[in-house]
Amino acid sequence: MEALLTVSALVAAGLLAWAIPRWRLRRALSAPLPPAALDTLARNVEQYRGMDAAQRSRLERLVRRFLHEKTFVGCAGLDITDEMRVTIAGQACLLLLGTKGELVYPTLHSVLVYPGAFLVPRRQVDEAGVVSEERQDLLGESWGDGRVILSWDHVRRAGGDDPGHNVVLHEFAHQLDSESGSTNGAPYLGSAERYRSWSEVLSRDFDALRHDAWFGQQGVLDHYGATNPAEFFAVATEAFFEQPHRLAERHTALFKEFLKYYRVDPRAWSAPPAPVPDYGMVYGQWQ
C-alpha cells in the first residue's frame, strides 16, 4: 500500500509539473496586452502601425507569449522597463508573424540588454598562427546557448535616424538561422527544392554584395552582410522588414525568396518612398 501511495504521489507530481506551465501559458495568452504595451508597439515598432487588424492581433499574441517565456536581464546597471521588454518582443516577433504555429524561439530563454554598445573579448589568430587578444564593441550578439544580447540605445533607433538597420531583427534572424542545425545563412526551409532556390539566389546576391563592398558601392544592403552568408541573411532580413520597397526593386529575386520564407509582405505596411530623380550621367570634358 505504501509503495502504491508513493507511485500515486509521483504520478500526481508529474501531472502537476506538466499541467501548471500549460495553465500559466493559457492564462498569459488569454489576457490582452495592457494599453501602455499597445502604445509602445505603435510607437516603437513602425511596422505595427501599418498592419491590418488580423496581423496586429497575431503580433500581440506572439508578444504575449514571448514576454511570458523569456527572461530579460539588465546589464551594466540597466534597469529593465516594460517599454524595453515590449519593444524587443514586438520587433523580434515580426519575424514570426507569417508562421502558422505558436512557438516563439523555442531554444531562446534569455535576452540580455545593455544600455549601449558593449565590449566583448575576442581572440584572433593570424595566418602565422599568432594569437592576439582584443576587445570589440558590439551592438548585439546571438548565442547558440539560448541567449541574445542587445544594446538598448540601438534597439530604440530602429525606424528612426538609421533607416534599414535594426539590431533586434538582425540578431533574431541569427536565431532563426540556427534552427536548421547550423548558422550558415540557410534557415530551415522544409524541402530540397526550396534550399536549391534559396542557395542560388542568396549566393548570387552575396557575391554581388562582396563586390560592392570591395569597391565601396553602397546599395540597399549594408556591407556588413558581405562578412559571411550568416551575416548576409541577417542583413537582408533587416532590409526586408525595414526597406521592403527598395529591396523588392533592387533585389527582386532575393525579395521573393524572403516572401516565401517569412510569408508576409512588409510593403503593405508603408507607402513606397518617393522616387529619386534621375538627372542622367554628366561627364566633365578633357582639358
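Let me begin with F241, which is buried, at a relative accessible area of 3%; buried here means under 20% relative accessible area, exposed over 50%, and partly exposed in between, with a 1.4 Å probe and protein chains only. The model is a predicted one, in which local features need pLDDT of at least 70 and side-chain atom pairs count only at pLDDT 80 or more, while totals for chains, interfaces and linings use all residues. Residues are numbered from 1 along each chain as its sequence is written, and side-chain values use heavy atoms, with hydrogens and water left out.

F241 belongs to helix α8; helices (H or I, at least four residues) and strands (E, at least two) are DSSP runs numbered from the N terminus. Which residues does F241 contact, leaving aside its neighbours within four places in sequence? They are Q47, L94, L95, L169, Y262, V264, P266 and W269, where contact means heavy atoms within 4.5 Å.

The axes of α8 and helix α10, residues 252–262, come within 11 Å and cross at roughly 85°. Axes are lines fitted to C-alpha atoms, for helices over the stretch in contact, and angles run from 0 to 180 degrees between N-to-C directions. The two helices, α8 and α10, are therefore roughly perpendicular to each other; angles of 65 to 115 degrees count as such, those under 35 as roughly parallel, those over 145 as roughly antiparallel, and the rest as oblique. On the α8 side the contact is made by F232, F233, A236, T237, F240 and F241, and on the α10 side by L254, F255, F258, L259, Y261 and Y262. These residues divide into 11 nonpolar, 1 polar and no charged. In this scheme Ala, Val, Leu, Ile, Met, Phe, Trp, Tyr, Cys and Pro are nonpolar, Asp, Glu, Lys and Arg are charged, and the others, Gly among them, are polar.

Helix α4 (residues 82–94) and helix α6 (residues 167–178) have axes that come within 9 Å and cross at roughly 55°. That makes α4 oblique to α6. The residues in contact are I88, Q91, A92 and L94 from α4, with V168, L169 and F172 from α6. Of these, 6 are nonpolar, 1 is polar and none is charged.

Y105 touches F66, K70, A92, L95, L96, F172, Q175 and L176, residues up to four places away in sequence not being counted.

Two further positions may be of interest. F72 lies in strand β1, residues 71–74, and counts as buried at 13% relative accessibility. Its C-alpha atom is separated by 5.9 Å from that of L112, 40 residues apart along the chain. D205 is in helix α7, residues 192–215, and is buried, with a relative accessible area of 7%. Beyond four places in sequence, D205 touches F232, H251 and L254.

Finally, the chain overall has 10 helices and 6 strands, and 40% of its 287 residues count as buried.
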